[in-house]
Each structure stands twice: as C-alpha cells, then as structure tokens.
Amino acid sequence: MNELDTLLQASKVAWLTAEGDDSDVVLASRIRLARNLRQLPFPNRADLAQLQKADESLQGAMPAVETALGEHMTRVDMENISGLQREVLRDKQLISDNLLKNPQHRTVYCNDSQNVSVMVNEDDHIRIQCLTPGLNLETPLQKAFAVDDALEGQLDIAFDEKMGYLTACPTNMGTGLRASVLLHLPGMVYTRNVSSIINISPQLGLAVRPLFGDEKEQPGCLFQIANQLTLGYSEQELIDNLRGAVTEIVAHERRARKALALYMKERLEDEVWRAVGTLSYARLLSEKEVLELASRLRLGLDLKLIRGIAPECYGEVLISGRSSFLQNLAENENLTKTEIDRLRAQHVRKILERYRLRLEE
Amino acid sequence: MLCDDCGRKEAVVHITQIGADGRVEKHLCESCAAAYNDFVGVQQDGRHVSVDDFLRGIFGSAQGQENKASGGTGELSCPHCGMSYRDFRQTGKIGCAACYDTFRGQLEPILRRIHGSSVHRGKIPHRSGGTLELKQTIAQLSQQLKACVEQEEYEKAAELRDKVRALKQELQQKEGGQDHE
C-alpha cells in the first residue's frame, strides 16, 4: 500500500483517541499558524508560476521540518488526487475547503500519525497545523513553533516589526495563530444551553461554530471554539484565554450531563443503549444518523452508562462514518446512497465488534 | 399576481411541487422565494455571510474617511504586486508582503478595528525579525529587574542588570553594524 492510500484509508487518527485532559468533553485541540513568503504575492494574488515557485520553496525546506520533528512528512499534490480523495483529507481535518476547491499547485505535507500537516498555497503560502487529543494547546503550539522555526531557517518569512506576521487576510495578522478546540456538548444541546455559549463567546474574543449542521440543528453535538483575535496578544495569552473559556464550558457541560443523569436517568440509559443497538446491528446507516448515534454512544461511555466497549471506538466510527471515506475505500465514486449506507453500517458494525470488551449485563 | 406569502409584492417565482399532498402551486415574490430554501433547492451555503463581506465593508468605510481627509487614495497601488486599494475593497484580502508597507496608513486603523490593537506582541522569526527579538528580551528582563528591586531581591536584580547591560551592548553593536552597511 502506498503512502497516500495509508493516509486516506486509516480509520484511526492520532488526534481522536479519547485520551488527554478533559477528554470526556474536549475531543481534540488544534493549533494553526499562518505564514507567508516575503518575495511572492499571496496565493490569492499569485499567478500559477508564482504558486509553483512557492510550492517549490516549501518543498526545499521540508527536509528541515522532517529533521526538526524527527518524522517523515508525506507530500500530497492536490492536483494529482481526485476530488473524492481531497474530501477524505478534508474530513480528517488535514486540509481546508480552500485546498479542496482550488487544487492548482496546492500541496499538503502530513506526518504518518496524521497530527501535523503543512498546507501550501492555502489563503496564505504556509499553514502549519498541529492536532492533539483532549484539551492540550501547549504541545501542539510547541510543535507548530518547531515546524515554523525549521521553515524560517530556510525561507524568508513575511514579517513586520510592528504588525507581526503578515497574512493575506487581516483577521490573521500578527501571530497568525488560530487555536481551536473540538467540543462534544450533548448535555448542553439536550438542555438547550448551546446558544448562550455561542452568544457569549464573541465578547471573549472567541468564536463558536458547530462542526456539522447549522444554528438550528447540530448532528453529533460537535462544536469548534477558536480565538478570533490574532494581533496585540502573545500566542501564550491567546491560548490561555481560549483554555479559560473552554474550562468554563467543560464545567457547564458536566453539570448538564449530571442533571440529565439525575433527572432522566432511565430515558438517557434507554437512548444510549438504543444507539449501541442500532450501531451494532443496523444494516443501513446515513451519515447524519451515525453522527447522532455516535454522539449518544460517546455520552453513554463518558457517563459510564455503557460498559463493555472501549471509548476509542468513537473516533473510528466518526471517521468511518463519512461518505467520502467509504467511497474512497470502495474505490468507487458512483455508489448510490443505499450502497454507501450499507457500506457504512457494515464498517460501523465491524468497529464496534473490534472494540467490544465484553457485553454482559 | 401578488405573492402568496406576503401578499404585498408582485410574484415573480412560480413553483409547482408534486408531493404526498398532491399538487401544490406557489407564487412568490423574490424575497419570500429566497426563504424557501428546500422548496426552490437553493443551497444553504449560498446564504452564509463570510468574513470577507465584513472586511469589504470595513475597507470601504475606511476609504471613505481617507477620501475626506486626503482627497483620495484610489491611485495608490502596491509596487510589488500591483494591488490597488480598490482591490482590497473588492476581495477583502491583501496582495503581498509589500502591500503592508504601501498601505500601512490605511491598514493600521482597520487592524485596530478588527483586533483592538495594531501592535504585534507574539513570536518573532529569528532570522528576519532583525533586532526585535533582542529588544523584546531586554524589555522583559528590565521588567523582571524592576520587580526584583521592588521586592528587595538585590542579588537577583544585580544578575539581571548585568544581563540587560550585556544585551544592550549586543544590540548597539548590531544596530551600529547595520548603519555602516
């Protein structure tokens, strides 16, 4: 199996492993740094030759990054892979929508455990991204800094003494830092408290958005919270601020879960076990259904209502539940919806079987 | 024909939907039709407002003020990538590193409006950051020095004073060296 296939077909990713601090609520933490090359116009303004030049410059600098990380980085040219394969990378959070839509001279470098990626010619020439499970912004920040230092040793980075790192979009100026945390908030969703978090966060310089869905409905109860400001504060201050807010949200979520477990225990137990049942035995599952059921499964595991299944199964169910992932695995872009749903149910069943410790109650 | 929903404006969109309830006809005005996402099959994505829209607005209003003050910056364009201020207003994106120098006067108020500040206080590149890293270290140490003096930790303060002195000398040498070039 070649490197690209391994990257695309692995249903286990290092940043979704149910480990880390506060992992009952915080699924993963992410750091992204935006950087640009001094001499070339930013990607939105660059012609194809200039994009290619940026790509080549980065390629030349990558060995230094590999040395700094002590890890091999796989290069993937967006132009050389199919739209479906790009979607898989997007669903695994390795590339952004921007790279998906404009593949010309766009590249991503990614390590084997899929928690470090460097995007080339996104909005900015360089986007460094590091992911880690649970609430932990320091480790990925240090890792991203290591990548940044290695690149900066080889390349002339656009930097201004007063304004900091220069970026294509003024909303990233200064530190170029976007720190974000992926939260699982079923308690807040069921007790209808999510909107208050979404409304308060801008006052704290943070933005909350559902990972899937919209304001009305959020299948999977997954939310992303990230810093909005990037200038005028140090990286450490920005992540401290985010961590403070996240800790508060975690406390609220736990309280909501406790209330649910106390006042409607029977109903909750029924819901989570039904989810286990459906995921274990259903023959057809839609994308949205898997998101919702996986969320209940995870809630049941975190509240210790479900025993006998290892919590790590959640990450794999989430990744394998994506249609693009399944279509790519089947090497067929033209599957009908029913065929995909059948494939999805099959995969989810297998995963649950694999993670079943013992199921007797 | 007036719109079925609001009954005020002229209906311009006519939809016939055949579903479980049989045949349903709808005649809608433009604004009401826009609300019928699923009905007309308009993708949700299309309605989302992106951050670029806001930036465009900010760029636009900043230029308005600028025009009043200095009689127009429309002709100003970046010598490196050829981007003009008008292009910013359209795309909400900046063209290249040199643009920041060209449009510094216009961009700083915008940055202050977005971030509440226009001064970077974070990481500095070792190579292209120039003497800034050194200056920042000196500022940090001086602050520690002051704290030590206040708490009467004179031994530690003396240590810090020597460090600051050495760094200041290094800075002078570096800056002096640059002047000669």
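Buried means under 20% relative accessible area, exposed over 50% and partly exposed in between, with a 1.4 Å probe and protein chains only. This is a predicted model, in which local features need pLDDT of at least 70 and side-chain atom pairs count only at pLDDT 80 or more, while totals for chains, interfaces and linings use all residues. Residues are numbered from 1 along each chain as its sequence is written, and side-chain values use heavy atoms, with hydrogens and water left out.

Q: As what does Tyr85(B) count at 1% relative accessibility, buried or exposed?
A: The relative accessibility of Tyr85(B) is 1%.

Q: Which residues do ring pairs link into a cluster with Tyr85(B)?
A: Rings of Phe, Tyr and Trp (its six-membered ring) pair if their centres lie within 6.5 Å; planes under 30 degrees apart count as stacked, over 60 as edge-to-face and the rest as tilted. Tyr85(B) and Phe103(B) form a tilted pair, 5.9 Å centre to centre with 50 degrees between the planes. The residues that ring pairs link with Tyr85(B) are Phe88(B) and Phe103(B).

Q: How many residues apart in sequence are the parts that the pair of Tyr85(B) and Phe103(B) ties together?
A: Helices (H or I, at least four residues) and strands (E, at least two) are DSSP runs, numbered from the N terminus. Tyr85(B) lies in helix H4 (residues 85-91) of chain B and Phe103(B) in the loop between H5 and H6 of chain B, so the parts tied together are apart in sequence by 18 residues.

Q: Why is the pair of Phe159(A) and Tyr165(A) edge-to-face?
A: Both Phe159(A) and Tyr165(A) are buried. Their ring centres are 5.0 Å apart and their planes are at 70 degrees, so the pair is edge-to-face.

Q: How much area is buried between chain B and chain A?
A: Contact means heavy atoms within 4.5 Å, and 39 residues of chain B are in contact with 46 residues of chain A. Buried area is the accessible area (1.4 Å probe) that two parts lose on being put together, summed over both. Carbon and sulfur atoms give 55% of the area buried between the chains, which is about 3,500 Å².

Q: How many salt bridges does the rule find across the interface of chain B and chain A?
A: A salt bridge is a side-chain nitrogen of Lys or Arg within 4 Å of a carboxyl oxygen of Asp or Glu. Arg45(A) forms one with Asp87(B), with the closest N and O atoms 3.4 Å apart. Across the interface, the number of salt bridges found is seven.

Terms used:
Chains are lettered from A and ligands numbered from 1 in the order in which they are written.
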